[in-house]
Amino acid sequence: MPPRKARRRTRRSVLRRWAALGALGLVALLYYQPLRAYVGARSQEAAQAAAVRRLRDEQRSLERRVKRSSSLTVLAAEARTLGYVRPGEHLFIVKNIREWRREQHASRRR
């Protein structure tokens, strides 16, 4: 009779091991989705933090540009590049400066 008891004990221990393994697998399966969501949220948070840093740098740069452009000398220079003139001034548009310089250089050689 002792051999039968040994078989039952080994069968029971094998069943317990399979049950424990199944329970462990179930727990792992139940934790998989939340862990995956957590890792995804962390990576998304890191990307958003980088975007926030980039936007803050851009904001500082734009604020500096606004401060610079509010001075009268910079505004006057910008207006002149856009073609504005002061009252009483005349606007002259000069074209073909390169050709004129070539002609001047050629006439000096003669």
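What percentage of the 110 residues of the chain count as buried? In this predicted model, 0% of the 110 residues do, where buried means under 20% relative accessible area, exposed means over 50%, and partly exposed lies in between (1.4 Å probe, protein chains only). Residues are numbered from 1 along each chain as its sequence is written, and side-chain values use heavy atoms, with hydrogens and water left out. Because the model is predicted, local features need pLDDT of at least 70 and side-chain atom pairs count only at pLDDT 80 or more, while totals for chains, interfaces and linings use all residues.

Figure 1. Along the sequence the pattern reads α-α-α, with helices (H or I, at least four residues) and strands (E, at least two) taken as DSSP runs and numbered from the N terminus. The radius of gyration is 41 Å, whereas a compact globule of 110 residues would have a value near 13 Å; the radius is taken over C-alpha atoms, and the globule rule is 2.2 Å times the number of residues to the power 0.38. Along the principal axes, the C-alpha atoms fill a box of roughly 130 × 40 × 15 Å. The accessible surface comes to about 11500 Å², of which 58% belongs to carbon and sulfur atoms, with areas from the Shrake-Rupley method and a 1.4 Å probe, only the protein chains shown counting as cover for residues.

**Figure 2. The salt bridge between Arg60 and Asp57.** The side chains of these two residues meet at 2.9 Å, N to O, a salt bridge being a side-chain nitrogen of Lys or Arg within 4 Å of a carboxyl oxygen of Asp or Glu. Arg60 and Asp57 are three residues apart in helix α1 (residues 2-69), so about one helical turn separates them. Arg60 is partly exposed, with a relative accessible area of 45%, and Asp57 also counts as partly exposed, at 45%.

**Figure 3. The salt bridge between Arg80 and Glu89.** Here the N to O distance between the side chains is 3.1 Å. Arg80 is partly exposed at 43% relative accessible area, and Glu89 counts as partly exposed at 35%. A search of the whole structure finds two salt bridges.

**Figure 4. A nonpolar surface patch formed by Val14, Trp18, Leu21 and Leu24.** Together these residues have about 440 Å² of accessible area. Patches are made of residues with over 30% relative accessible area and no salt bridge, like charges being joined within 9 Å and nonpolar side chains (Val, Leu, Ile, Met, Phe, Trp, Tyr) within 5 Å. Trp18 lies in helix α1 and counts as exposed, at 58% relative accessibility.

**Figure 5. Asn96 in the loop between α2 (72-81) and α3 (97-109).** The phi angle of Asn96 is near 55 degrees, a positive value in a residue other than glycine. Asn96 is exposed, with a relative accessible area of 53%.

**Figure 6. Ala46 and His105, with C-alpha atoms separated by 61 Å.** Along the chain, Ala46 and His105 are 59 residues apart. Ala46 lies in helix α1 and, at 43% relative accessibility, counts as partly exposed.
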